[in-house]
Amino acid sequence: MNRPCDLCDGHGYRVSARGEVAYAQVCECRVACPECKGQRFVLRVEGGYEVAAPCECVTLFERVRLFNLAGVPAGYGEKTVAEFRYGRGEPALGRAKTRFGQYEKKADFDSARGVLLVGPPGVGKTHLVTALVGYTTLQRGIACRFVDFFDLTARIRETYRRDATESELGIIEPLVSVPVLAIDDLGKGRGSNYELTIIDQLITRRYNARRIVVATTNYFPEAHLKQHLDGPARRMGATTEPLEERIGERLFSRLCEMADIIVMEGADRRQMTGARR
Ligand SMILES: Nc1ncnc2c1ncn2[C@@H]1O[C@H](COP(=O)(O)OP(=O)(O)OP(=O)(O)O)[C@@H](O)[C@H]1O
Ligand SMILES: [Mg+2]
Ligand SMILES: [Zn+2]
Ligand SMILES: [Zn+2]
């Protein structure tokens, strides 16, 4: 049996950083595909005739392309759900991990409920959503987009400039149609009413089309705020403003219709040593 390639462990692709985003490449061991010798098609006999069919390596190129379109931040390109850890006193992290593990096994995302991960810094919220995006694009060939809430509001704001290079529609449409959308850091920066309305429309259109949203935030919804501020959350640097106030009641209630809230309480991994993580 052939030993798996040392460079890619047999995955056929490698992930690195290119500027601010994670970037995947088809590994050398597959670029010069042994099946098709780089032709990207193979000849098959069908009904007595030889016909050209796309080689399996084409799928790999397509998955790598999907990953590169997803916009995973540099540094999060190789996160996996399997490597997400939680301690005995952190059942909330366990629940979050289970939920993301289930997403990986879903046949498709149609009508799947989304998740809103709420929690203080460093508990692994971005880790889980980027792991989902990486797995879903590279292993399953399903398109995903990862956007940062603050960047998204800034891009929408840019469209009203006279010399704008992007239109609002150009920003929103791809985010409406993509099968899996991840929005990181809801409420980071205070979006204007106008920006929030556009994002509200985006979410509403996805809701109507039964398309999933996974999101993260440091802001606790009102209903969870008191309990968590009395508990360990305050120590962990949680903010005291309710999420509803940051993103507006309308956007908040839309999200609640399509996503389950998982409050993640646990230790800040950024402050933990490697051994304890
Ligand atoms: N439970 C965990 N198991 C393994 N690694 C973790 C876990 N939580 C966080 N990490 C790692 O710690 C770092 C910080 O995690 P991450 O960025 O996901 O935190 P976050 O919850 O998104 O924080 P913030 O609210 O500041 O955005 C990352 O490198 C991540 O991979
Ligand atoms: Mg984060
Ligand atoms: Zn390889
Ligand atoms: Zn091939």
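Start by selecting helix α7 (residues 193-208) and helix α10 (residues 249-258), whose axes come within 9 Å and cross at roughly 20 degrees. (Axes here are lines fitted to C-alpha atoms, for helices over the stretch in contact, with angles running from 0 to 180 degrees between N-to-C directions; helices are DSSP runs of H or I with at least four residues, strands are runs of E with at least two, and both are numbered from the N terminus.) So α7 and α10 are roughly parallel, a label for angles under 35 degrees, while over 145 is roughly antiparallel, 65 to 115 roughly perpendicular and the rest oblique.

A word on the model: it is predicted, so local features need pLDDT of at least 70 and side-chain atom pairs count only at pLDDT 80 or more, whereas totals for chains, interfaces and linings use all residues. Residues are numbered from 1 along each chain as its sequence is written, chains are lettered from A and ligands numbered from 1 in the order in which they are written, and side-chain values use heavy atoms, leaving out hydrogens and water.

Now show side chains. From α7, L196, T197, I199, D200, I203, T204, R206 and Y207 meet R250, L251, R254, L255, E257 and M258 of α10 (contact means heavy atoms within 4.5 Å).

Look for F149, L152, T153, I156 and R157 on α5, against Y194, E195, L196, I198, I199 and L202 on α7.

Next, jump to the zinc ion (ligand 4). Which residues hold its protein donors? They are C33, C36, C55 and C57, each through SG, at 2.3 to 2.4 Å (donors are N, O and S atoms within 2.8 Å of the metal, or 3.2 Å for Na, K and Ca; water is not among the atoms, so sites may look incomplete). Angles of 106 to 113 degrees among the four donor atoms go with a tetrahedral site, a term for four donors with all angles between 85 and 135 degrees. Along the chain, the donors follow C-x2-C-x18-C-x1-C. Of these, C36 sits in the loop between α1 (28-31) and β3 (41-46), and C57 in helix α2 (residues 57-70), 21 residues apart.

Last stop: the zinc ion (ligand 3), coordinated by SG of C5, C8, C27 and C29 at 2.3 Å. Its four donor atoms subtend angles of 106 to 113 degrees, which makes the arrangement tetrahedral. The spacing of its donor residues reads C-x2-C-x18-C-x1-C.

Key
Four donors count as tetrahedral if all angles lie between 85 and 135 degrees; four count as square planar and six as octahedral if opposite donors are over 155 degrees apart and all others between 65 and 115; anything else is irregular.
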